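The following exercises concern one protein chain. Please keep the sequence and the model in view while working through them.

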Amino acid sequence: MVFRVLDASAFYAGIPFASPEKNFTTPDVFDEIKHIKRNHKAIEVLIETKRLEIMTPEIEYIEKVLLKSKDTGDFQNLSTGDISVIALCIQLNAELITDDFAVSNLAKHLNLKVFPIMTNGITHMADWIYFCSGCEKTFARISKCPLCGNKLSRKLGKREPSASPVSKRAVI
């Protein structure tokens, strides 16, 4: 059985409302999207009809995502919701439905299947480098220069074609 994990962009695009399939998300994402169609109680209906399950990923998967996100340089651009859906994908061996480029990039680095909704998705995986415009030094995992205190800027490091391109199949 194929599991699908939805990030917030999938809800904003209406994916779970148009699909009869069971989907998963995390409490962090649920907190972001619970206002959607509140007047119609659409989210509650999805939960009651078992078309949506809200699940917290186990800590070992969250730690794996955090470690990899720091390695790729995506960490500073991810919310706790982003980290949680990627962790849940790993835990469930699921497909990830998202239009978020930072989420997609990290998911591809973790060899997850990613399906974009309203975009073409990513075509290349990226590793980000943080640099100080004052000192001209580069760093991988911090946001402030330890030498002069300037805020670091982000630039693209090495790029490589995605080993498993984003699927173009419909997600509904």
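**Exercise 1.** Is the crossing of helix 5 and helix 6 left-handed or right-handed?

*Solution.* The model is predicted, so local features need pLDDT of at least 70 and side-chain atom pairs count only at pLDDT 80 or more, while totals for chains, interfaces and linings use all residues. Residues are numbered from 1 along each chain as its sequence is written, and side-chain values use heavy atoms, with hydrogens and water left out.

Step 1. Locate the elements: helix 5 covers residues 59–72 and helix 6 covers residues 80–92. Helices (H or I, at least four residues) and strands (E, at least two) are DSSP runs, numbered from the N terminus.

Step 2. Apply the criterion: a crossing is left-handed if the near helix is turned anticlockwise from the far one by less than a right angle, and right-handed if clockwise. The crossing of helix 5 and helix 6 is right-handed.

**Exercise 2.** Describe the geometry and the contact of helix 5 with helix 6.

*Solution.* Step 1. Two packed helices are described by the angle between their axes and the distance between the axes. The axes of helix 5 and helix 6 cross at roughly 120° and come within 8 Å. This makes helix 5 oblique to helix 6. Axes are lines fitted to C-alpha atoms, for helices over the stretch in contact, and angles run from 0 to 180 degrees between N-to-C directions. Angles under 35 degrees count as roughly parallel, over 145 as roughly antiparallel, 65 to 115 as roughly perpendicular and the rest as oblique.

Step 1. List the residues in contact (heavy atoms within 4.5 Å). Helix 5 contributes Tyr 61, Ile 62, Lys 64, Val 65 and Leu 66, which meet Ile 83, Ile 86, Ala 87, Ile 90 and Gln 91 of helix 6.

Step 2. Classify them: the contact residues comprise 8 nonpolar, 1 polar and 1 charged. Here Ala, Val, Leu, Ile, Met, Phe, Trp, Tyr, Cys and Pro count as nonpolar, Asp, Glu, Lys and Arg as charged, and the others, Gly among them, as polar.

Step 3. Examine Ile 62, which is found in helix 5. Leaving aside neighbours within four places in sequence, Ile 62 is in contact with Pro 57, Ile 83 and Ala 87. Ile 62 and Thr 80 are 18 residues apart in sequence, and their C-alpha atoms are 9.6 Å apart in space.

**Exercise 3.** How many aromatic pairs does a search of the whole structure find?

*Solution.* Step 1. The search finds 1 aromatic pair. Phe 3 and Phe 24 form this edge-to-face pair, at 5.4 Å centre to centre and with 80° between the planes. Rings of Phe, Tyr and Trp (its six-membered ring) pair if their centres lie within 6.5 Å; planes under 30 degrees apart count as stacked, over 60 as edge-to-face and the rest as tilted.

Step 1. Compare accessibility: Phe 3 counts as partly exposed at 25% relative accessibility, whereas Phe 24 counts as buried at 4%. Buried means under 20% relative accessible area, exposed over 50%, partly exposed in between (1.4 Å probe, protein chains only).

**Exercise 4.** Characterise the positive phi of Lys 50 and of Asn 111.

*Solution.* Step 1. Lys 50 is not a glycine, yet has a positive phi of about 60°. Lys 50 lies in the loop between helix 4 (42–48) and strand 3 (52–54), and is exposed, with a relative accessible area of 62%.

Step 1. Asn 111, also not a glycine, has a positive phi of about 60°. Asn 111 occupies the loop between helix 7 (101–109) and strand 5 (114–115), and counts as exposed at 63% relative accessibility.

**Exercise 5.** What does the secondary structure of the protein come to?

*Solution.* Step 1. There are 7 helices and 8 strands.

Step 1. Of the 172 residues, 43% count as buried.
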